[in-house]
Amino acid sequence: MTRISFVPRSAAVTLVVLAALAGCESMTERQRSTASGAGVGAAGGAVVGAATGGNPVAGAVVGGAVGAVAGNLWSRHMEAKRAELTRATAGTGIDVARTSDNQLRVSVPSDFSFDPGSAQIKPQMRPVLDQLAQGLEPRARMTIVGHTDSVGGEELNNRLSLDRAVNVRDYLRYRGVDPGHMIVNGRGESQPIASNDTAFGRAENRRVEIFLSEPTSRS
């Protein structure tokens, strides 16, 4: 009689993941980062699925999707930080959201960020930055982007938006965030989110956006 051997589904998923990771040698560094994160997520999803009596293959698919997007990891720590900031900023007009590439975006409008023509951080913004700086993972990275309304010349607004981002970075550095893990950028008036024809719209555009990420690569 012919003997037929069956490989457990969780083991089969693990083999698929390992095979996929083995092909990483021909990839770029960014591709390897994404593939590695997806592989870890897939393996974790399979284990969770098998342990709970669910479908380990389906668990692997879910785990991979959550594990890595464009080289960024959406971890339990990132989700906890999102929930924490959402609670802390409720009712303030500050927008806290997860982006499609697994970054945590905190958009702070002018009521809490800057006066017209000024790069000085308002006192109302400091508690938000304090909360953001607490308990960061060692590999966490931040990108800080300053924006202005359309009042004033383009060159002036480009400089002002960069100064706003730099001041936020310097405040976060004072609160213990590694400056080597922060990037600043000034977009001037080039990315409005409302009409500059009204005072309300200009106030909406006068903002700072902070993007927090955990890259799958540990470099």
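A residue counts as buried under 20% relative accessible area, as exposed over 50%, and as partly exposed in between. Arginine 173, at 41% relative accessibility, is therefore partly exposed. The model described here is predicted.

The chain holds seven helices and five strands. From the N terminus, the elements follow the order α-α-α-α-β-β-α-β-α-β-α-β. Of the 219 residues, 42% are buried. The chain exposes about 11900 Å², and carbon and sulfur atoms supply 56% of that area. Among contacts with a separation of 6 or more, 67% are between residues 24 or more positions apart.

The five strands form an open sheet. Their order is E1-E2-E5-E3-E4, and the pairing is mixed. Strand E1 (95–98) and strand E4 (182–186) are the edge strands, each pairing on one side only. Neighbouring strands are turned against each other by 15 degrees on average, direction ignored. Strand E3 (residues 141–146) and E4 run parallel and are joined by five bridges. Within this pairing, threonine 143 has isoleucine 183 in E4 as its bridge partner.

Two helices were examined against the sheet. Helix H4 (residues 76–88) lies across E1, strand E2 (104–108) and strand E5 (208–213). The helix runs at about 20 degrees to E2. Helix H5 (residues 126–133) also packs on the sheet, where it touches E2, E3 and E5. The direction of H5 makes about 10 degrees with that of E5. Val128, Leu129, Asp130, Leu132 and Ala133 of H5 are buried. The buried residues of this helix pack against H4, E2, E3, helix H6 (154–174) and E5. Glycine 135 follows H5 and has a positive phi, near 60 degrees.

The structure holds 10 salt bridges.

Arginine 159 and aspartate 163 meet through their side chains at 2.9 Å, N to O. Both lie in H6, four residues apart, about one turn of the helix. Arginine 159 is partly exposed because its relative accessible area is 46%. Aspartate 163 counts as partly exposed because its value is 27%.

Arginine 173 forms a salt bridge with aspartate 170, with the closest N and O atoms 3.1 Å apart. This pair also lies in H6, three residues apart, about one turn of the helix. Aspartate 170 has a relative accessible area of 26% and is therefore partly exposed. Salt bridges that share partners join Arg169, Asp170 and Arg173 into one network.

Key
Residues are numbered from 1 along each chain as its sequence is written. This is a predicted model: local features need pLDDT of at least 70, side-chain atom pairs count only at pLDDT 80 or more; totals for chains, interfaces and linings use all residues. Side-chain values use heavy atoms; hydrogens and water are left out. Two strands pair if DSSP finds at least two bridges between them. Axes are lines fitted to C-alpha atoms, for helices over the stretch in contact, and angles run from 0 to 180 degrees between N-to-C directions. Contact means heavy atoms within 4.5 Å. Buried means under 20% relative accessible area, exposed over 50%, partly exposed in between (1.4 Å probe, protein chains only). Accessible areas come from the Shrake-Rupley method with a 1.4 Å probe; for residues, only the protein chains shown count as cover. A salt bridge is a side-chain nitrogen of Lys or Arg within 4 Å of a carboxyl oxygen of Asp or Glu.
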